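These are my notebook entries on one structure. I looked up the surroundings of the ligand and then the sheet.

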Amino acid sequence: MKRTALVTGAAEGIGLEVCRELARRGLRVLLTARTLEKAQRAAATLDGEVIPVPLDVTDAQAARRIDEAVDVLVNNAALYPPHRGEGGVLDVPDEEWRALIETNFLGALWTARAFVPGMIARGYGRVVNVSSDYGSFGLGLKGPASYSVSKAALNALTLKLAEDCARAGDVKVNAVHPGWVRTKMGGKNATRSVEEGAREILRLATLPADGPSGGYFHDGKKYPW
Ligand code: NDP
């Protein structure tokens, strides 16, 4: 049976690469982006069954309007603050807190709420939350405050959602740090290609039934929460 995957924020960067590879492996891919035009332009560059779908992850109801049985959900869409690291918690403007929390954390919650109940009902699902080393308490919550807090919240969501799915058959929820990747967000000096950044996301998106759930991973290894 052909599985259906949905990737958020997939018009470029790591998300686009994840779509390319999932389609190459024979999945039906819903390539989503903030606008239909962006999704269409990106989907046209890929081979396989890739369907462009508009999805602004900050719209709490938008994912629910996508009438699809999603088996693999990759929460990839994210924002990074434009100042790239200046200022602590007390300096961050209201709009930045709202935008980062709504995109990087609530965006993943809204898609999970739309698609995970179907996974549980069908007894199969893979959810991959694309996090960051900056969201790791264990590594000191580095980076800009709004980004770091939003990714730490995404990690917490990963654990709590995995708990909800623990008795739901073969439904797995994991988080991943992709490494420092050459994209719009990572910049041109980053150490990894998009192919390298996508690799662990793809592993978690296609885990076998005896694979882990409720984990945080980087390069195939457990990562500190
Ligand atoms: P990019 O900035 O290249 O891509 C992120 C995508 O998310 C953009 O296409 C952006 O679209 C989209 N997006 C933003 N807001 C929304 C929204 N409201 N609805 C839908 N889509 C939205 O980033 P990367 O590919 O580098 O990042 C992918 C993931 O990897 C992110 O979660 C990021 O935090 C994580 N990551 C990346 C690292 C890196 O070094 N690159 C390091 C650690 C983690 P638009 O242009 O319309 O805003």
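Entry 1, the ligand. I began with the residues around the ligand in this predicted model. I listed 28 residues around the ligand, and E12, R34, Y147, T183 and K184 come nearest.

Y147 places a polar side-chain atom 2.7 Å from an oxygen atom of the ligand. I14 contributes a polar backbone atom, 2.9 Å from an oxygen atom of the ligand. For V130, I found a backbone N or O atom 3.5 Å from an oxygen atom of the ligand. I also noted the cover: on its own the ligand has 890 Å² of accessible area, and the protein covers 94% of this.

Entry 2, the sheet. In what order do the strands of the open sheet lie? I read the order as β3-β2-β1-β4-β5-β6-β7-β8, which makes 8 strands with mixed pairing. Strands β3 (50-54) and β8 (221-222) each have a single partner strand, so one side of each is left without a neighbour in the sheet.

I next examined one pair. Strand β5 (residues 124-130) runs parallel to strand β6 (residues 170-176), and 7 bridges link the two. Within this pair, N129 stands opposite A175 in β6.

Definitions and conventions: Residues numbered from 1 in each chain as written. Predicted model: local features only at pLDDT ≥ 70, side-chain atom pairs only at ≥ 80, totals over all residues. Heavy atoms only, no water. Pairing = 2+ DSSP bridges. Helix = DSSP H or I, 4+ residues; strand = E, 2+ residues; numbered from the N terminus. Near = heavy atom within 4 Å. Polar contact = N/O pair within 3.5 Å; in protein donor to acceptor, adjacent residues only side chain to side chain. Areas by Shrake-Rupley, 256 points an atom, 1.4 Å probe, with all protein chains shown as cover.
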